[in-house]
Number of protein chains: 2
Amino acid sequence: MSEKILVFDSTLRDGAQAEGISFSVEDKIRVVETLDKMGIDYIEAGNPGSNPKDIEFFNRIKGIHLNHAKLVAFGSTRRGGIAVEDDANLKAILETETPGVAIFGKSWTFHITDIIKTTLAENLKMIEETMAYLKAQGKDVTFDAEHFFDGYKNDPAYAIEALLAAQEGGADCLALCDTNGGTLPYEIQEIVTTVRQKMRIPLGIHCHNDSGLAVANSLMAVHAGARQVQGTFLGYGERCGNANLATIIPNLQLKMGFHCLADAELQKLTSSAIRIAEISNYALTGREPFVGKSAFAHKGGMHIDAVMKNPASFEHVSPEAVGNERRILMSEVSGRSTIIQLINEVDPSLTKKSDETTRVMDRIKELEYQGYQFEGAESSVKLLIRKELGLHKPFFTLEDFKTIGEQTHTKEALSSSAVVKINVDGQSEINAAEGDGPVNALDKALRKALEVFYPKISEVRLTDFKVRVIDSKSATASKVRVLIESSDGIDIWTNVGVSTDIIEASLIALIDSIEYKLLSDEERENK
Amino acid sequence: MSEKILVFDSTLRDGAQAEGISFSVEDKIRVVETLDKMGIDYIEAGNPGSNPKDIEFFNRIKGIHLNHAKLVAFGSTRRGGIAVEDDANLKAILETETPGVAIFGKSWTFHITDIIKTTLAENLKMIEETMAYLKAQGKDVTFDAEHFFDGYKNDPAYAIEALLAAQEGGADCLALCDTNGGTLPYEIQEIVTTVRQKMRIPLGIHCHNDSGLAVANSLMAVHAGARQVQGTFLGYGERCGNANLATIIPNLQLKMGFHCLADAELQKLTSSAIRIAEISNYALTGREPFVGKSAFAHKGGMHIDAVMKNPASFEHVSPEAVGNERRILMSEVSGRSTIIQLINEVDPSLTKKSDETTRVMDRIKELEYQGYQFEGAESSVKLLIRKELGLHKPFFTLEDFKTIGEQTHTKEALSSSAVVKINVDGQSEINAAEGDGPVNALDKALRKALEVFYPKISEVRLTDFKVRVIDSKSATASKVRVLIESSDGIDIWTNVGVSTDIIEASLIALIDSIEYKLLSDEERENK
């Protein structure tokens, strides 16, 4: 049985400090449910003493049963010169009724004398008394030794005294914080090893990523004996973020031989991480270790050949172990071996050297030059191949369209409408719709006209719509790339359009999306 | 004098393997110039044997003088069973005439037997002969021991033999590669320490970020004796990317006491990194250590108070050391201390407790609820404050506007046009323009109408235009947030607009951008 590492998630507390992140109470509840399902041990969900929204959240969450996780309220040691019973922040924490609490206190003398301006002796009392008070209320108490590593490097004796005060007060765990994110991995290893020998209760680690080292520092601390790891999902956090639990957990469990989550949950890590990103409206870069869309994506020609022979040649773990998947990307560098796979789905007789393959490659290069990127838009490539091979008969043609956006001082709101005229097998159909903006109006009008011929179009929903300005330096006259993700409840597919005009780019992607749906239906029926 | 670490940049070679990155020849030349100016020691710029675009690049770059950097062409050891003189890839490398070459070879037995399918003995010959051949041509040769750490863990004796073969052949540096990115920091330290003792020539380190550890692993290797560090700017690279030199360099120089770049160049690191991101059309997340927009951004109320007292309280290095800057962010959590600073610029008599401050706060909260984010759009906040305090008299009002997008089957191209009617001091002006899309047409029409009253409007250019879909789950009917960056050659400012309609959102930001320009001109004149 491998040794357990307690996972302490602070996505909703320290993660909420990230620039661009703002959780509603509803969002927070959904994140708690996701983390609990995953098997996270502690969920630090807010700072009730400093934030009225967090108080509302803690009231709401009281009625919700968690299966595994302990909910944690966060706050600081009592203020200097007052009794613990009189501290408003501690009162707010107790009112949350969470089983766990995390209390930060100072261990760097500079912060005590220059920032909170109290004495070193009083600070130790603040720590010990706060721990004792919360333990007497039956709480599971983590002491967050803020700026511990900076404090230790400056005055090791006092930093240790601060930890001893927390231990003396009855804390269950001493989390050593690299609050400013400036400590190096070998320093972490050395300091944690030393501290470990002086304490009888477990140590935790809490790292920030200002030096790009938060994950490594967390792993080094566990390697040196820490048994609780604090972090946030996807590394959300102030400045450069916190230690990313979606990276730490698979490293600990798949490589270092520790136990964090049930294997079945680790095998769903990618979808759990994506869910949290969606709730937070956080744009993933795709480069996230283990869970990113690119994490197991192969682009170089030599690498693709090797991965086909044996995935271990260029993959450090299997994508399945974390619920991710392998992707083979198209690009000028990856060359024909990628394209030929897609071409062979349509016509198995063609080879890398066929004229048809050259024609498809040339067309892709030409579109790439115009600003297209087909990575992630494989359904647009499939259509392109069928068109180049002369195998695609369009299901409809767009004859005319017109969009109108209008606002007059007699009418407050902007009105957007669109008229489209399509043709199916020589038969024209015109229809119109109003919408939220010209693209939405066009989308609606197009579907209305098409449903006359293809009733199944009504099954399709657009599930995502991304706009990327390609050359933002020429500002509003830049080219834009629009990616549209669609779903019919069975399948999900993505299409791409590029133009200097956002409406035209959207329309290209919309038309491809509908053509792809109709083609897939036809193929399903023919099977 | 601190010890020199040679910085080996592979942005244009390994970085070009990143999903979403595609450099033109022109882009590559601009990146080389940026890296050379910065003082990077080696610039690995392409793989002439596998990529015709890279051959074109190496021909173009021959005419360009570099001040400091050695240009490096990349390729593999000769193929099995042929003479070095007959190897087409090596020929292509020599034709580049670069002073440096980097040659990768195998050191993991699994790759030799299962992927390239040759014998272990022949592989050692391939390494040694390739080194000797290139040294005889006077090249500065780096041997990239591909998959070194995986190879070493599997068969340390053979991995060492591969390095010894390269040393015997005359290589100048042995770069140990964690090609799959799966090695842990303490393993790197241990292995590099051991290898160091067995080699007489310098070691280098080349890490990938699949475990989120590339930066840490590079630092651990230098700590253990490596003296050349390979990486890419901003960590571009296949899958999860390569080691990020923009993070490694300041860690080595500001914290570990090594020398990489001239201090003056380190102090421009942020702008150099941004320049490379712009050339690559790579969207920065802002969370990049040292150089990201959020790297020194403070959001939590307590943190802001502490940073005001002493920046060292929550900053591990000073932003100036890397050419970045401190930012104080507005948010529900940061509260009044941030807003009051901006309010006091307009009216120094107001305090945190003034009714006016409450009104401004309420208005900001209301807009944030609607989807606005003012982080990064401080000029929109300044206007908002003036409006709420009743101090802003708009320079113009927009009375009516209309946009038309039209495409008919008789006319191939889409035509977008806009009509606007504005009013300045009771006097109306109507004008129209065609443009690339409705927003561009509106922008042009609005400027044409306004220039009649305010000729200085002609100085303003839009320098950036960003569209973010806020709630992408409702797809084309989602809300969009538009950020517009403008410049008049003296100042740069950013404005934000939110709406379900992209045209309206753009228009809100455009109007604010123009109002801000006219207000700034007025303030400059009154000074």
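Predicted model: local features only at pLDDT ≥ 70, side-chain atom pairs only at ≥ 80, totals over all residues.

Author: A residue is called buried here if 20 or more other C-beta atoms lie within 10 Å of its own, and exposed if 12 or fewer do.

Take helix H16 of chain B, which runs over residues 378–388. Of its 11 residues, 8 are buried, so the helix is mostly covered. The buried residues are B:Ser379, B:Ser380, B:Val381, B:Lys382, B:Leu383, B:Leu384, B:Ile385 and B:Arg386. Just after the helix, B:Gly390 has a positive phi of about 70°.

In helix H8, the buried residues are B:Pro185, B:Ile188, B:Gln189, B:Ile191, B:Val192 and B:Val195. Helix H8 covers residues 185–198 of chain B, 14 residues in all, and at 1.5 Å a residue they should span 20 Å.

B:Glu451 belongs to helix H17 of chain B, residues 438–451. B:Glu451 has 14 other C-beta atoms within 10 Å, so it is partly exposed. Apart from neighbours within four places in sequence, B:Glu451 is in contact with B:Ile457 and B:Ser458. B:Asp488 is 37 residues away along the chain, and its C-alpha atom is separated from that of B:Glu451 by 14 Å.

A:Gln230, in strand E8 (residues 228–231) of chain A, gives another case. Because 29 other C-beta atoms lie within 10 Å of its own, A:Gln230 is buried. Leaving aside neighbours within four places in sequence, its contacts are A:Phe8, A:Ser10, A:Ala175, A:Gly204, A:Ile205 and A:His206. A:Val7 is 223 residues from A:Gln230 along the chain, yet the two C-alpha atoms are separated by 6.3 Å.

Two residues in loops have a positive phi without being glycine. For A:His147, phi is near 55°. A:His147 sits in the loop between strand E5 (140–146) and helix H6 (148–154) of chain A, and it is buried because 26 other C-beta atoms lie within 10 Å. For B:Lys117, phi is also near 55°. The loop that holds B:Lys117 lies between helix H4 (109–115) and helix H5 (120–136) of chain B. B:Lys117 has 10 C-beta neighbours inside 10 Å, so it counts as exposed.

Now for the chain as a whole. Chain A has 18 helices and 16 strands. Buried residues make up 53% of its 527 residues. Among contacts in chain A with a separation of 6 or more, 67% are between residues 24 or more positions apart. The C-alpha atoms of chain A fill a box of roughly 90 × 65 × 45 Å along the principal axes. An unreviewed UniProt entry carries the annotation "domain: Pyruvate carboxyltransferase" for residues 5–270 of chain A. Over that stretch, residues 5–270, the chain is 44% helix and 17% strand, and the end C-alpha atoms are 20 Å apart.

The last step is how the two chains meet. The contact takes 100 residues from chain A and 101 residues from chain B. On the side of chain A that touches chain B, strand E11 (residues 397–408) supplies the largest share, 10 residues. The residues of that side divide into 33 nonpolar, 43 polar and 24 charged.

Chain A can be laid on chain B by a turn of 180° and a shift of 0.0 Å along the axis, with an RMSD of 0.1 Å. This is the relation of a two-fold axis. The same surface serves both copies, since 99% of the contact residues of chain A recur in chain B. A:Ile404 comes closest to the rotation axis of the residues of chain A, with its C-alpha at 2.4 Å.

As for confidence, the mean pLDDT of chain A is 89, and 95% of its residues reach 70 or more. For the complex, the predictor gives an ipTM of 0.76 and a pTM of 0.76.

Conventions
Residues numbered from 1 in each chain as written. Chains lettered and ligands numbered in written order. Helix = DSSP H or I, 4+ residues; strand = E, 2+ residues; numbered from the N terminus. Expected span 1.5 Å × (residues − 1). pLDDT = per-residue confidence, 0-100. Contact = placed C-beta atoms within 7 Å. Nonpolar A, V, L, I, M, F, W, Y, C, P; charged D, E, K, R; others polar. Least-squares fit on C-alpha atoms with pLDDT ≥ 70 in both. UniProt positions renumbered as here; feature names shortened; annotations may be inferred.
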